[in-house]
Amino acid sequence: MTATAIDGYLDFLETRDGEVDIYAETLSGRESFYRDIDAKPVRSRHVFDREVFLRNVRQARAEPGLDTHMSWLLATARANQSERFGVELTKLYGRADLEEEERSEGVHIVLQETYHTRVLSRVVSIFGLPVPHCPPPPLIRFMIKLMVFSPFPKRLTMPLVGMNEMAGCVIFAALRDRGMELFADEPAVVARIRILFDEILADEICHVGLIAAGLGRFGRAVTRQLYRRLGANMALGSPEFVAALGRDEIERRFAEPFDQRRLAAQFPDTAYAF
Ligand SMILES: [Fe+2]
Ligand SMILES: [Fe+2]
């Protein structure tokens, strides 16, 4: 990785994330973001069947016949479960080296990912619903474990991680846009959905850049190949994403070229262009 890329990113992180507290697992800049959000709660007029939501969010395959609004909510809750599963596993098994790396970008990333689970549960809470703690479906669990527990050197698993970060960018943008479309009649809900998803999206765009910067030309090519071959299929393999977004929309989004700098430019204050 070039020293300038990483130095530039670390400087950026200091401004965006503020102070790191590895024991409280907080970033002062992010705490103030949540204080602002929580000080102005937004509640949708849309009423979801709580029992149907809770029943479906716990099972691998949602029951047929759910409307798009409910499917979108389930997809958002599911995205939260995968994030949480990966992050908690990483921390639980000491794979994050939080204590050793106080001043590194790795600490910021683990803590950012921890915040993402809070962001997504805030989205679900707009509709007065909780996200119960349960593991993601088996295929997702397998992928996550492969990344967390791989016996291979990090450099070999990084393309897989990079591909997942790229796919995350596409999926979070698609979920954001669909959410804003579905609740278009409630401007406050639309604004809140945008703020929350953009917070995650800006981070994931940086994670893609950071991983690419740490790989050589070959590693980056492998990452791109994995993304091209597996990205869309991964999303299409999740029934809740298909129900919420539609196959065509998923395929269309994954077919677009992925350009980290162009994406980062959409978030001039919150993303770093590598
Ligand atoms: Fe994340
Ligand atoms: Fe990430």
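Author: Two residues are in contact, or touch, if their C-beta atoms, placed from the backbone, lie within 7 Å. The model is predicted: local features need pLDDT of at least 70 and side-chain atom pairs count only at pLDDT 80 or more, while totals for chains, interfaces and linings use all residues. Residues are numbered from 1 along each chain as its sequence is written, and chains are lettered from A and ligands numbered from 1 in the order in which they are written.

Reader: Is Arg30 buried or exposed?

Author: A residue is buried if 20 or more other C-beta atoms, placed from the backbone, lie within 10 Å of its own, exposed if 12 or fewer, and partly exposed in between. Arg30 has 21 other C-beta atoms within 10 Å, so Arg30 is buried.

Reader: What is the phi of Glu25?

Author: Most residues other than glycine have a negative phi. Glu25 sits in the loop between β1 (20-21) and β2 (26-27), and is partly exposed because 14 other C-beta atoms lie within 10 Å. Although Glu25 is not a glycine, its phi is positive, at about 55°.

Reader: Which residues have the most contacts inside the largest nonpolar core?

Author: A nonpolar core is a set of buried Ala, Val, Leu, Ile, Met, Phe, Trp, Tyr and Cys residues joined through C-beta atoms within 7 Å. The largest one has 60 residues, and those with the most contacts inside it are Ala167, Cys169, Ile171 and Ile205.

Reader: Which helix gives the most to this core?

Author: The helix in question spans residues 187-214. With 13 residues given to the core, the helix is α8.

Reader: What does Ala167 touch, not counting residues up to four places away in sequence?

Author: Ala167 is among the residues with the most contacts inside the largest core. Its contacts beyond four places in sequence are Tyr227, Gly231, Met234 and Ala235.

Reader: How many other C-beta atoms lie within 10 Å of Glu165?

Author: Glu165 is part of helix α7, residues 154-182. Beyond four places in sequence, Glu165 touches Glu204, His207, Val208 and Ile211. Glu165 and Tyr227, 62 residues apart along the chain, have C-alpha atoms 9.6 Å apart. Glu165 counts as buried because the number of other C-beta atoms within 10 Å is 22.

Reader: How far apart in space are Phe267 and Asp198, C-alpha to C-alpha?

Author: Phe267 lies in the segment after α12 (260-265) and is partly exposed, with 17 C-beta neighbours inside 10 Å. Leaving aside neighbours within four places in sequence, Phe267 is in contact with Asp198, Ala202 and Ile205. Phe267 and Asp198 are 69 residues apart in sequence, and their C-alpha distance is 8.3 Å.

Reader: At what angle do the axes of α4 and α6 cross?

Author: Axes are lines fitted to C-alpha atoms, for helices over the stretch in contact, and angles run from 0 to 180 degrees between N-to-C directions. The axes of α4 (residues 68-92) and α6 (residues 138-149) come within 10 Å, and they cross at roughly 30°.

Reader: Is α4 roughly parallel or antiparallel to α5?

Author: Angles under 35 degrees count as roughly parallel, over 145 as roughly antiparallel, 65 to 115 as roughly perpendicular and the rest as oblique. Helix α5 covers residues 105-125, and α4 packs against α5 at about 155° with the axes 9 Å apart. Therefore α4 and α5 are roughly antiparallel.

Reader: Is the crossing of α4 and α5 left-handed or right-handed?

Author: A crossing is left-handed if the near helix is turned anticlockwise from the far one by less than a right angle, and right-handed if clockwise. Helix α4 passes α6 in a right-handed crossing. The crossing of α4 and α5 is left-handed.

Technical notes
Helix = DSSP H or I, 4+ residues; strand = E, 2+ residues; numbered from the N terminus.
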